[in-house]
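Dear colleague,

Please read them with the coordinates open.

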Amino acid sequence: MSTSAPLLGSMRFGDWGARLSPAAVAGLLDAALDAGIDTLDLADIYGGHTTNALVGAAFALRPGLRARFGLVAKIGIVTLANPVNVRQVPFYDLSVEHLTRALDETFRTLGVNHVETLMLHRFDPRIDAAAVADWVRGEQARGRVGAFGVSNFGPEGIALFDGLLPVASHQIELSLGHWATLEDGTHAATTRRGAEVQAWSPLGGGDLLDPATPRGARLAPVLQSMAGEFGLDPAALLLRWAASLPRTRVVLGTSRIDRLHAGVEACATPLPRDAWYALWEAARGHPVP
Ligand SMILES: NC(=O)c1ccc[n+]([C@@H]2O[C@H](COP(=O)([O-])OP(=O)(O)OC[C@H]3O[C@@H](n4cnc5c(N)ncnc54)[C@H](OP(=O)(O)O)[C@@H]3O)[C@@H](O)[C@H]2O)c1
């Protein structure tokens with residue numbers, strides 16, 4: 001069994017992280033393709049609604065670059081930056097009205113007219129799944145949307161689309177710092193429907209590598225000892241842990257070219273079961289029952 005290439009996440013490209021220029025983003029995307037990564041994760045809210053435009057500017061600099069990526073575009077969160085948000089609280093809106101506006105805005109900022117996957121970013125308890133499914137099918141028929149995905153939906157949330165619309169992918173938080181999605185049935189509910197799991201924050205946003213954080217301190221000794229055994233660095237072990245799960249691809253969070261190859265390499269081979277459980281046990285602080 002071999003695992004599959006990670007996606008590259010864009011969350012930290014711009015104002016929420018590395019503040020890369022469009023030329024630097026284009027260089028990072030070129031390097032990602034060289035490393036074997038061909039899927040780019042996006043969301044309208046990243047960088048306070050600025051990162052899609054940054055990626056769009058990178059595409060504009062390099063004709064042909066966009067066509068080499070499958071784009072996963074997430075929409076459905078209303079942030080404080082949105083003028084419709086008069087009460088100034090963040091909220092989720094999966095109404096057809098909001099989704100239509102947000103998809104148009106995604107196309108405008110990225111400078112594209114099609115995304116390979118459209119993903120609902122967060123579960124909205126007020127969702128009308130049948131209305132969303134009708135709307136997505138309409139966008140698919142117009143050629144604007146390829147596959148449909150959800151994110152942070154939980155096992156019952158994803159079930160809402162049963163019999164309405166195939167869900168191709170489910171992006172969930174999953175790492176050695178956060179495994180609730182394994183124990184609450186979310187991961188199994190996703191794979192059971194034939195959908196791909198996309199594990200976000202596989203390094204806990206970098207915290208899991210920092211011995212100054214409680215989670216990082218718990219993991220440091222086992223990561224160090226296993227790193228030697230497998231010839232991998234601690235980050236690669238964390239990525240391999242998540243990528244070893246069935247039908248699971250990790251979403252890489254790095255903005256550094258020199259970390260892409262190691263990320264892909266880490267996900268190419270699953271961990272043996274005993275090593276996988278040893279890491280999980282160290283993260284949990286106690287053995288599985
Ligand atoms: N669906 C959702 O709700 C949701 C939520 C959050 C994120 N996401 C997606 O998931 C992606 C990944 O999330 P994340 O950024 O939190 O991922 P992550 O991989 O857990 O964290 C990435 C951070 O770790 C740092 N890092 C430190 N050492 C590293 C090493 N050796 N190798 C790689 N990175 C290292 C990176 O810095 P450098 O840049 O310096 O390498 C970066 O700041 C996001 O870009 C976004 O696309 C989705």
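In what follows, contact means heavy atoms within 4.5 Å. Please keep in mind that this is a predicted model.

By that criterion, Val96, Leu99, Thr100 and Leu103 in helix α4 meet Ala131, Val132, Trp135 and Glu139 in helix α5, and the residues of this contact divide into six nonpolar, one polar and one charged. As for the geometry, the axes of α4, which covers residues 96-110, and α5, which covers residues 129-141, come within 10 Å and cross at roughly 30 degrees, which makes α4 roughly parallel to α5. The crossing of these two helices, α4 and α5, is right-handed.

A second pair is formed by helix α1 (residues 22-35) and helix α11 (residues 260-267), whose axes come within 9 Å and cross at roughly 35 degrees, and here too the crossing of α1 and α11 is right-handed. On the α1 side the contact is made by Leu28, Ala31, Ala32, Asp34 and Ala35, and on the α11 side by Leu260, His261 and Val264; the residues involved divide into six nonpolar, one polar and one charged.

Turning to the ligand, 28 residues surround it, and the closest are Arg12, Asp41, Ser201, Thr254 and Arg259. An N or O atom in the side chain of Arg12 is 2.6 Å from an oxygen atom of the ligand, while for the side chain of Asp41 the corresponding distance between an N or O atom and a ligand oxygen atom is 2.5 Å. Gly205 takes part through its backbone, with an N or O atom that lies 2.7 Å from an oxygen atom of the ligand.

Conventions: Residues numbered from 1 in each chain as written. Predicted model: local features only at pLDDT ≥ 70, side-chain atom pairs only at ≥ 80, totals over all residues. Heavy atoms only, no water. Axes fitted to C-alpha atoms, helices over the stretch in contact; angles between N-to-C directions. Helix = DSSP H or I, 4+ residues; strand = E, 2+ residues; numbered from the N terminus. Parallel < 35°, antiparallel > 145°, perpendicular 65-115°, else oblique. Left-handed = near helix turned anticlockwise from the far one by under 90°. Nonpolar A, V, L, I, M, F, W, Y, C, P; charged D, E, K, R; others polar. Near = heavy atom within 4 Å. Polar contact = N/O pair within 3.5 Å; in protein donor to acceptor, adjacent residues only side chain to side chain.
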